[in-house]
Amino acid sequence: MSTRRPRTSKFTEDEINDLAFKLQALLAQLGHRNSSRVSASKILKETCNYIRKLHGELDDLSGKLSQILDSMDISGVDIECLRTLIEN
């Protein structure tokens, strides 16, 4: 029979709060208006929303680049190889 030990966090609550505060400062530099200290969970939610926004922008740009490549006559270039490089 195996005994399970409770999973312990590698970070203390103070370390998590410090990291969240640093993340909040980074978000503020990126144009967020909140300069007062807020909860770590709110900062993480804002960060997730920002990352989702960046993923959306990346998808849009990828699509536009793909359209441009499709419309170009590029001789001597392996389009599929180029597309694979861009998508990764």
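T47 touches L23 and L27, leaving aside residues up to four places away in sequence. In this predicted model, T47 sits in helix α2. The side chain of T47 also reaches the backbone oxygen of I43, at 2.8 Å. Is T47 buried or exposed? T47 has a relative accessible area of 13%, and buried means under 20%, so T47 counts as buried.

The helix around T47 comes next. Helix α2 covers residues 40-71. It has 32 residues and reaches 47 Å from its first C-alpha to its last, close to the 46 Å expected at 1.5 Å a residue. The buried residues of α2 are A40, I43, E46, T47 and L69.

The protein as a whole has three helices and zero strands, and from the N terminus on its elements run α-α-α. Of its 88 residues, 10% are buried. Among contacts between residues at least 6 apart in sequence, 6% join residues at least 24 apart. The accessible surface comes to about 8,000 Å², and 55% of that belongs to carbon and sulfur atoms.

Charged side chains are the next topic. Side chains of opposite charge can pair when their charged atoms come close. How many salt bridges does a search of the whole structure find? The search finds three. In one of them, K22 meets D18 at 3.4 Å, N to O. Both residues lie in helix α1 (residues 13-29), four residues apart, which is about one turn of the helix. D18 is partly exposed, with a relative accessible area of 35%.

E46 and K42 meet in a salt bridge at 3.7 Å, N to O. Because E46 and K42 are four residues apart in α2, about one helical turn separates them. E46 is buried at 19% relative accessible area, whereas K42 is partly exposed at 39%. K53 and E57 meet in a salt bridge at 3.6 Å, N to O, and being four residues apart in α2, they too are separated by about one helical turn. K53 is partly exposed at 48%, and E57 is partly exposed at 36%.

One of its members, I68, lies in helix α2 and counts as partly exposed, at 46% relative accessibility.

Conventions
Residues numbered from 1 in each chain as written. Predicted model: local features only at pLDDT ≥ 70, side-chain atom pairs only at ≥ 80, totals over all residues. Heavy atoms only, no water. Helix = DSSP H or I, 4+ residues; strand = E, 2+ residues; numbered from the N terminus. Buried < 20%, exposed > 50% of the residue type's maximum accessible area, 1.4 Å probe, protein only. Polar contact = N/O pair within 3.5 Å; in protein donor to acceptor, adjacent residues only side chain to side chain. Contact = heavy atoms within 4.5 Å. Expected span 1.5 Å × (residues − 1). Areas by Shrake-Rupley, 256 points an atom, 1.4 Å probe, with all protein chains shown as cover. Salt bridge = Lys/Arg side-chain N within 4 Å of Asp/Glu carboxyl O.
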